[in-house]
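Please look at one helix and the helices around it.

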Amino acid sequence: MMKLIYADAAVHVRDGLESIHQATWQHIASPGRWWDGKQRLSIAQEVRNAQTCKFCKERKNALSFASIKGTHIGSGELPNGAIEAIHRTATDPARLTEKWLQEYVLQDISEDQYVELLGVVSNVVALDIFSDGVGAVPYSLPD
């Protein structure tokens, strides 16, 4: 039986949508081409860590993100380039540039890993924003 992920929502979420979101979470937890299932769940957790990362907030508020020095609040389970890509994509996507990608991300991960990481990040952000929008607690990450 499928675990209801919007049982606590302030508004009704139709059954079909809930089952699609459940399948998306299972897909996030499944191995990809470049990241295994555990790593993909670590990516999902980092998306959530980014929401409370003081370093991310300071960088987003700065005229230039590069003028702020520090480190992200994270689990440390992924390469630094992956953490940087996750946090910036989740919190400040409008200011991503090719130069940033080359200097901060591709030093630690491949372009292929980056593309898969973006897919996971965008799905988690969308699902969490939806949960927030319907007044539900964000879904616990799958095992």
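**Burial in α2**

In α2, the buried residues are Gly-37, Arg-40, Leu-41, Ser-42, Ile-43, Ala-44, Glu-46, Val-47, Arg-48, Asn-49 and Ala-50. Buried means under 20% relative accessible area, exposed over 50%, and partly exposed in between, with a 1.4 Å probe and protein chains only. Eleven of the 14 residues of α2 are buried, so the helix is mostly covered. Helices (H or I, at least four residues) and strands (E, at least two) are DSSP runs, numbered from the N terminus.

This is a predicted model: local features need pLDDT of at least 70, side-chain atom pairs count only at pLDDT 80 or more, and totals for chains, interfaces and linings use all residues. Residues are numbered from 1 along each chain as its sequence is written, and side-chain values use heavy atoms, with hydrogens and water left out.

**Length and cap**

Helix α2 covers residues 37–50. At 1.5 Å a residue, its 14 residues should span 20 Å, and its end C-alpha atoms are 20 Å apart, which agrees. The expected span is 1.5 Å times one less than the number of residues.

Asp-36 caps the N-terminal end of α2. A side-chain oxygen of Asp-36 lies 3.1 Å from the backbone nitrogen of Lys-38.

**Neighbours of α2**

The buried residues of α2 pack against α1 (15–28), α3 (54–61), α4 (80–91) and α6 (111–133). Contact means heavy atoms within 4.5 Å.

Ser-42 lies in α2. It counts as buried because its relative accessibility is 7%. Leaving out residues up to four places away in sequence, Ser-42 touches Glu-77 and Leu-78.

**α2 against α4**

The axes of α2 and α4 are 9 Å apart, at an angle of about 50°. Axes are lines fitted to C-alpha atoms, for helices over the stretch in contact, and angles run from 0 to 180 degrees between N-to-C directions. The two helices, α2 and α4, are therefore oblique to each other. Angles under 35 degrees count as roughly parallel, over 145 as roughly antiparallel, 65 to 115 as roughly perpendicular and the rest as oblique.

α2 passes α4 in a right-handed crossing. Right-handed means that the near helix is turned clockwise from the far one by less than a right angle; anticlockwise is left-handed. From α2, the contact uses Ile-43, Glu-46, Val-47, Asn-49 and Ala-50. From α4, it uses Ile-83, Ile-86, His-87, Ala-90 and Thr-91.

**α3 against α4**

α3 and α4 pack at about 55°, with axes 10 Å apart. These helices, α3 and α4, are therefore oblique. Their crossing is right-handed. Cys-56, Arg-59 and Lys-60 of α3 meet Glu-84, His-87, Arg-88 and Thr-91 of α4.

Methods:
Polar contact = N/O pair within 3.5 Å; in protein donor to acceptor, adjacent residues only side chain to side chain.
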